[in-house]
Amino acid sequence: MGFFLTIEGGEGAGKTTAMGVITAWLASRDIAFIQTREPGGTPMAEAVRETLLASYDETVNSTTELLLMFAARSQNLHQNIELAMAEGKVVVCDRFTDATYAYQGGGRGVDRGHIATLETLVQGERRPDLTLLLDIDPEAGLTRAWGRGKALDRIEQEDIAFFNRVRAEYLDRAARYPRQYVVIDADRSLAQVKQHIEAVLTQRLGAC
Ligand code: T5A
C-alpha cells in the first residue's frame, strides 16, 4: 500500500539533513522509496516553486500564493506520489500540506477552511501516514539557514513574528493529530537528531 512520510519544520530546522538520514536508513534496509519535495518535485512543479520563491516589485496576494502551492502539489501528487504509493514504495516528501497550514494559515492568516477545501480537492483522501516535525526556535533556525550563505528567498525574508506564527501552527497541528505527527527537537546536535529519527523509523517501518 505504500507509506507516505513527510518532513516539516521552520526555516533551517534541518529538513534537508533529515532527508539524508531517512533515505540512508531506507536504502540500508533495501526498502524501495522515492524522495521528493514541495513546492516542486516535477519539472512543472519546480517551475511553480521558482515563481513562488522569487521576489517581485508587487505584493504577492496570499490567495495567489495558496493556489500556486496547491497547483504545484497537484502536479507532484499525480506525477510522483500516487504512482509510488501504488507501487508499494515509501514516499519521503520534504514538506507537504501541513506546510500550507503553517505558512499560509498560521503565517499569512489564510482561512483554514479554504485550505481544507483545496486539500480535499487536490488530494482526496490522501494524507501523510507519518509527519516528522523538526521543531526549533525560529531565530536559531534562521541563523542556521543564513549560515549557508545563500541569498534569502521571498518567504525567508519575512519577519520573526511570521515564523513564530508558523511554528505555533505546526505545534498546534502536532497536538491535534498525534497519530500523524512525531515532534523532533531539532535544537540538538546532528547526532542526537539522527538518533531520534532512526528510532522513529525503526518503530514505524522496522517491519517492512
Ligand atoms: N512553503 C512550502 C509554504 O509557504 N507553503 C507550502 O505549502 C510549502 C510546501 C521553501 C519555502 O516554501 C514555503 C516554506 C519555505 O519557506 P524549503 O526549501 O523546503 O521550502 O524550506 P526551507 O526551510 O527554506 O529549507 P532549508 O533548506 O532552508 O532548511 P532545512 O532543509 O530545514 O535545513 P537544512 O537541513 O538545509 O539545514 C540548515 C543548516 O543547518 C545545519 C545544516 O548543515 C545546514 O547548514 N544543520 C544543523 N546544524 C547543527 N545542528 C543540527 N542539528 C543541524 N541540522 C542542520
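This section describes the surroundings of the ligand and several individual residues in a predicted model. Residues are numbered from 1 along each chain as its sequence is written, and side-chain values use heavy atoms, with hydrogens and water left out. Because the model is predicted, local features need pLDDT of at least 70 and side-chain atom pairs count only at pLDDT 80 or more, while totals for chains, interfaces and linings use all residues.

The ligand sits in the largest pocket. A pocket is defined on a 1 Å grid over the protein atoms alone, as an open set of points where a 1.4 Å probe fits, with protein on both sides within 12 Å along at least five of seven lines. A molecule counts as sitting in a pocket if more than half of its atoms lie within 2 Å of the grid points. Two or more residues of the shell around the ligand are given by each of the helices α1 (15–28), α2 (43–53), α3 (62–86), α4 (97–107) and α8 (190–205). Helices (H or I, at least four residues) and strands (E, at least two) are DSSP runs, numbered from the N terminus. The largest share of the shell, four residues, comes from α4.

There are 29 residues around the ligand, and K15, T16, T17, R49 and T100 come nearest; a residue is near a molecule if one of its heavy atoms lies within 4 Å of it. By class, the shell has 10 nonpolar, eight polar and 11 charged residues. In this scheme Ala, Val, Leu, Ile, Met, Phe, Trp, Tyr, Cys and Pro count as nonpolar, Asp, Glu, Lys and Arg as charged, and the others, Gly among them, as polar.

For the side chain of T16, the distance from an N or O atom to a ligand oxygen is 2.5 Å. For the side chain of T17, the corresponding distance is 2.7 Å. At A13 a polar backbone atom is 3.2 Å from an oxygen atom of the ligand. The protein covers 85% of the 1,000 Å² of accessible area that the ligand has on its own, as given by the Shrake-Rupley method with a 1.4 Å probe.

E38 is placed in the loop between β2 (33–37) and α2. E38 counts as buried because its relative accessibility is 4%, where buried means under 20% relative accessible area, exposed over 50% and partly exposed in between (1.4 Å probe, protein chains only). The side chain of E38 makes polar contacts with the side chains of R73, at 2.5 Å, and N76, at 3.1 Å. A polar contact is a pair of N or O atoms within 3.5 Å; within protein, one must be able to donate a hydrogen and the other to accept it, and residues adjacent in sequence count only if both atoms are side-chain atoms. E38 is joined to P39 by a cis peptide bond, with omega about -10°. P39 also lies in the loop between β2 and α2.

Two residues other than glycine have a positive phi. D30, with phi of about 55°, lies in the loop between α1 and β2 and is exposed, with a relative accessible area of 74%. R95, with phi near 80°, is found in the loop between β3 (90–94) and α4 and counts as buried at 12% relative accessibility.

R173 lies in helix α7 (residues 160–176) and is buried, at 6% relative accessibility. R173 and D98 are 75 residues apart in sequence, with their C-alpha atoms 8.1 Å apart in space.

Conventions: 1 Å grid on protein atoms, 1.4 Å probe; cavity = no way out; pocket = protein on both sides within 12 Å on 5 of 7 lines; lining within 4 Å.
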